[in-house]
Amino acid sequence: MGHAVQAAVSILFDGIAYSMVLFVMAVGLSVTMGLMGVINLAHGAFAMAGGYLTVTFLGDLGLPFLPGLVLATLAVGAASVPIERALYVRIYRRPHLDQVLLTIGVTLMSIAVATYAYGPSPLSIKLPAFLETQVGLFGRDFPGYRVFIIAVGLLAFLGLWGGFERTMLGAKIRAAVDNRAMAEATGVNTTRLFTLTFALGSALAALGGALAVDLVGLTPRFAFQYLVLVLVVVSIGGFGTIMGTFAAALIIGVIDNAGRYLFPEGSAFFIYLIVILVLICRPGGLFGRA
Amino acid sequence: MRIGSTSWIAPLALLAIAAGTTVASRAEADTVKVGVILPFSGMAADVAQSELRAMKLYYKLHKAELGGHDIALIERDSKEPSGATAQTLTRELVVQDKVDMLVGYQFSPDAIASAPFITQAKKLAILVNAQSSHIPMLSPYIVRVSASSWQITYPMGPYAFDKLGCKTAIVGFTDFAPGRDVAAAFKAGYEKAGGKLVDSIAMGGPAQVPDFTPYLQRIKDEKPNCVYIFTPAASFNAALARAWRDQKVAEAGVRFLGTGDVTQDSVLPQLGDAAIGWITGGHYTADLDNPANKKFLAAWTKEYGDKVKPDFFTVQGWDAMAAVFHVVKTLKGKIDADKAVAALKAWKEDSPRGPIMIDAATRDIIQNIYVQEVVKKGDSLGIKVIGTIPAVKDPCKELGVGNCAAKK
């Protein structure tokens, strides 16, 4: 009995750590989809960029872990602004097929660039000593890095949720998600709002990518690797909701982890089962508007 | 106009003379055209590049042995692993480029899809990788110089039970055709030796996020003596090492075994200290101590620098070129597929991976399988060879099991 409980605690813990990476990566996509209605399949490319920049900052420039992580996040956020202005602004009002084609193209190009710059072999980062230790919680030892990931994920959630619900900017974004024409009529500059949200979403994707490097390694395939999972989280959670994305990431992360532990042959089956069930019952997602 | 019409006569005459000399000299010295089909773009681009580099290096160092003949490589990119592109390229190279033989085929589907045409066209095809065990059975003109998945895995079963004290074991594999092949081979070899296989875990498909955490957790909870793991090289192994460290599987008393793919030399440094003590069975590691390997490594470093380490794929490319050279030398530049296959059946080579030869019965390679332990070497990781299983024939075809069961 005690053994089964221990196994269950481990599955839950690892599942939550996995969920937090998914949440950080997906939340930006959820908000930009809700706000602009653009299907941005290049979201994974921004996550990958975060990963590679972190490798450069930590490995080649020798920065400490935390400043390197923050710097990579900010750099990708800043770099996404000209990309949004040059490329994405052209596809906001175009059909979904055009959006998919353009953003898949951007992803393929990003993979080529990453292969050219960093090579196709997997890269890794060296974690600082304080993250390589085990953390004792509730009488059990947990890997420090995963505890750190959970902490970062929770902070990001609380920060975003608070910002969305309690600030003027959040109110404007929520207004624009609900009804863009009406928001514009009341004087909200939605164009600038889009750029700002896009940069925030890209920066969060980069943070997620950087956090994932030490969990799953980093290769140019990263741009596609997480894409399906992130899209699943976004569709289950509903577009443009922080709470929905958080709940969906938790559900997917924990159930996927438990499913693969208990029934390895089932593999990704459980995730898709959840997607089908949720979308049948609530086509707009758990917290979305149908 | 008059001036113009006379001015082109001289070059034309020169051209005719030049053409005449080429024809004349061809009587003594032939250029053998070799079609090279490898995925130079896509997920295995680095592997293909390493294999081609080895082929070119072998050519450069051994060109003088060709006795006046020459070899021209015609390279084609087989891109994705579906087999469709490789099949089209095989046709093109034979029909349009009129190649004398084919070399390459990275992914098993590439070779499987091309085999019927290779038979039809009567062209020698040397497999640089394509490790599904039954492939040489698909055409009498296919000769494999790489390895077969059964050859690498099956002998590790008895070794694990007898020498490494694995009374109970679990096999874990990436869930696609080559992975299932490895799982079947390990089960067969290990259970025959008397071992108890507790579980066989499919660890997700090759396109999924490579998070091994739940699988390693399951292995840890089942407490076997050993686990034998196969993942396709590169991106998966770094993730595997991280999960192995975080889940503290070694600390729980489980010994890590795997195929040589897991400790591929070029990726080994990325695995980190978590991989120290891992034991894999494979057909080559750059840390092999033999004169042919020392010479190969020195030549490689001189040509390409020491930044990119060669690994088993590289040596497969090197030996494929050695096989091409053997055929060209034996047949004196006049390539006939039947005679070429006969020549390779009698071929023995002192390869960087040790002595190799082609099994006359199956056209598959016979080679040593090395038991490799990951150790700390200076700041980085290296391999210590702790055992050698000599002259292994492909057990799949020997036992006639699975895909290798005789079908007529």
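## Close-up views of a two-chain model

**Thr301(B) lies in helix H11 (residues 291-304) of chain B.** Helices (H or I, at least four residues) and strands (E, at least two) are DSSP runs, numbered from the N terminus. Thr301(B) has 14 C-beta neighbours inside 10 Å and so counts as partly exposed. A residue is buried if 20 or more other C-beta atoms lie within 10 Å of its own, exposed if 12 or fewer, and partly exposed in between, with C-beta atoms placed from the backbone. From the C-alpha atom of Thr301(B) to that of Lys384(B), 83 residues apart along the chain, the separation is 21 Å. The model is a predicted one, in which local features need pLDDT of at least 70 and side-chain atom pairs count only at pLDDT 80 or more, while totals for chains, interfaces and linings use all residues. Residues are numbered from 1 along each chain as its sequence is written, and chains are lettered from A and ligands numbered from 1 in the order in which they are written.

**Confidence across the two chains, given as pLDDT, the predictor's confidence in each residue, from 0 to 100.** The model scores are ipTM 0.84 and pTM 0.85. In chain A the average pLDDT is 89, and 98% of the residues score at least 70. Where pLDDT is low, the predicted coordinates should not be read in detail.

Two residues are in contact if their C-beta atoms, placed from the backbone, lie within 7 Å.

**Helix H3 (residues 65-86) of chain A and its covering elements.** At 1.5 Å a residue, the 22 residues of H3(A) should span 32 Å, which agrees with end C-alpha atoms 32 Å apart. The expected span of a helix is 1.5 Å times one less than its number of residues. Buried residues of H3(A) include Phe65(A), Leu69(A), Ala72(A), Val76(A), Ser80(A) and Glu84(A). An α-helix has 3.6 residues a turn, so residues three or four places apart point the same way. Helix H2 (43-60) and helix H9 (190-216) of chain A are among the elements that cover the buried residues of H3(A).

**Packing of helix H7 (residues 168-178) of chain A on H9(A).** The axes of H7(A) and H9(A) are 11 Å apart, at an angle of about 105 degrees. That makes H7(A) roughly perpendicular to H9(A). Axes are lines fitted to C-alpha atoms, for helices over the stretch in contact, and angles run from 0 to 180 degrees between N-to-C directions. Angles under 35 degrees count as roughly parallel, over 145 as roughly antiparallel, 65 to 115 as roughly perpendicular and the rest as oblique. Lys172(A), Ile173(A) and Ala176(A) in H7(A) meet Thr190(A), Leu193(A) and Thr197(A) in H9(A). This contact has three nonpolar, two polar and one charged residues.

**Gln99(A) in helix H4 (residues 96-118) of chain A.** Gln99(A) is buried, with 21 other C-beta atoms within 10 Å. Not counting residues up to four places away in sequence, Gln99(A) touches Val38(A), Ile39(A), Ile91(A) and Arg94(A).

**Lys79(B) and Ala391(B), two residues of chain B with positive phi.** Most residues other than glycine have a negative phi. Lys79(B), in the loop between strand S2 (70-77) and helix H4 (84-95) of chain B, has a phi of about 50 degrees. Ala391(B), in strand S14 (residues 380-392) of chain B, has a phi of about 45 degrees. Lys79(B) is partly exposed, with 19 C-beta neighbours inside 10 Å, and Ala391(B) is partly exposed with 13.

Definitions and conventions
Ala, Val, Leu, Ile, Met, Phe, Trp, Tyr, Cys and Pro count as nonpolar, Asp, Glu, Lys and Arg as charged, and the others, Gly among them, as polar.
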